[in-house]
Amino acid sequence: MKFVVDSGSTKADWLLFNSKEYLGVYNTLGLNPEVLDREVLVERMLNNEELSNLRTSIKEIHFYGSGCGTNHAKKIIKEALEEVFKNVTFFEILEDTYAAVYATCQDLKPGIVCINGTGSNCSFFDGKNVETAIDSLGYLAMDDCSGVDFGRKLVRTYYLNIMPLHLKIEFEKTYNLDSAYIKQHFYKEPNPNAYLASFLPFLITHKKDPFLKEMILETMQFFVDHYIKQYKNYLEIPIHFIGSTAFLLQEEFKEILEKNRLKIGIFYQKPIDGLIEFHKK
């Protein structure tokens, strides 16, 4: 039996296969080795009873993960997986970019694949290889047009008194905006990136508001200009999107893509459906 794991910073989907037969999906909290140590990664896996029951049955693991772009991060994930699944004889550990590529570039056709979830990135797939033009520095410096990015913008505009009064009132009703509480989550609690992304539902709910609509479109245009347009053939191939931020704001993304004369590709909230078909093959 094998697991195909698609892990972001917030949550992870564990797709179970028996040979090419898809058996179902299990869920854990996200497993990002950039922000979590091995002990926490192991704990998150073992907290799922179904995964614990399969510890000795799994022989093969394909892990696509946020934060798995370096050899050091891959080593941390591999060691955590080995601690939980004792009988695995084959590991494949790749960035979550590959999950998005295999899910969206159907029949392995070229495309630009964007991940806009808790974090973000953008890659070019030529049909065989994945090229990433930007070496991401993570949520503190990058992750543009992501849940983290929009969460940061919402909090900043609130505290800088830029957010219109009617939105401030609604924002205060929705979240605990005490500065000590926020700083505790920014600097003391695990997964500060996921905490920032937790403000995204407010943006989705009020996305028609002129102030937020302008914020959304400006942020998306920045992403197009500085991420998608890094690739020379960006006008010739479809632009695909994976992630909750892109999926829930796809109407606005399509508006920006059309404005820039770009080819609109596939939008998936999760790569799970595409991954199932890919690994069946």
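How many cavities of 30 Å³ or more does the count come to? The count comes to 1 cavity of that kind. The structure is a predicted model, and its secondary structure comes to 13 helices and 10 strands. The radius of gyration is 19 Å, close to the 19 Å that the globule rule gives for 281 residues, so the protein is as compact as a globular protein of that length.

**Overall form**

- Along its principal axes, the C-alpha trace spans about 55 × 50 × 30 Å.
- Of the 281 residues of the protein, 52% count as buried.
- The accessible surface comes to about 13,500 Å², and carbon and sulfur atoms account for 50% of that surface.

**The largest cavity**

- The volume of the largest cavity is about 50 Å³.
- Its lining consists of Ser120, Asn121, Cys122, Thr132, Ile134, Ser136, Met142, Asp143, Asp144 and Tyr227.
- Sorted by class, the lining of the largest cavity has 4 nonpolar, 4 polar and 2 charged residues.

**The second largest pocket**

- The second largest pocket holds about 340 Å³ of space.
- Helix 5 (147-159), helix 7 (179-187) and helix 8 (192-197) are the elements that give two or more residues to the lining of this pocket.
- Helix 5 gives the most to this lining, with 4 residues.
- By class, the lining of the second largest pocket divides into 10 nonpolar and 2 charged residues, with no polar ones.

**Asn193 in helix 8**

- Asn193 lies in helix 8, one of the elements that give two or more residues to the lining of the second largest pocket.
- Is Asn193 buried or exposed? Asn193 has a relative accessible area of 5%, and buried means under 20%, so Asn193 is buried.
- Leaving aside neighbours within four places in sequence, Asn193 is in contact with Ser9, Asn32, Thr118, Tyr139 and Val148.
- Asn193 and Ile134 are 59 residues apart along the chain, and their C-alpha atoms are separated by 20 Å. Ile134 is one of the residues that line the largest cavity.

How values were computed: Residues numbered from 1 in each chain as written. Predicted model: local features only at pLDDT ≥ 70, side-chain atom pairs only at ≥ 80, totals over all residues. Heavy atoms only, no water. 1 Å grid on protein atoms, 1.4 Å probe; cavity = no way out; pocket = protein on both sides within 12 Å on 5 of 7 lines; lining within 4 Å. Points joined across faces, edges and corners; volume = space filled by probe spheres on them. Nonpolar A, V, L, I, M, F, W, Y, C, P; charged D, E, K, R; others polar. Rg over C-alpha atoms; globule rule 2.2 N^0.38 Å. Buried < 20%, exposed > 50% of the residue type's maximum accessible area, 1.4 Å probe, protein only. Areas by Shrake-Rupley, 256 points an atom, 1.4 Å probe, with all protein chains shown as cover. Contact = heavy atoms within 4.5 Å.
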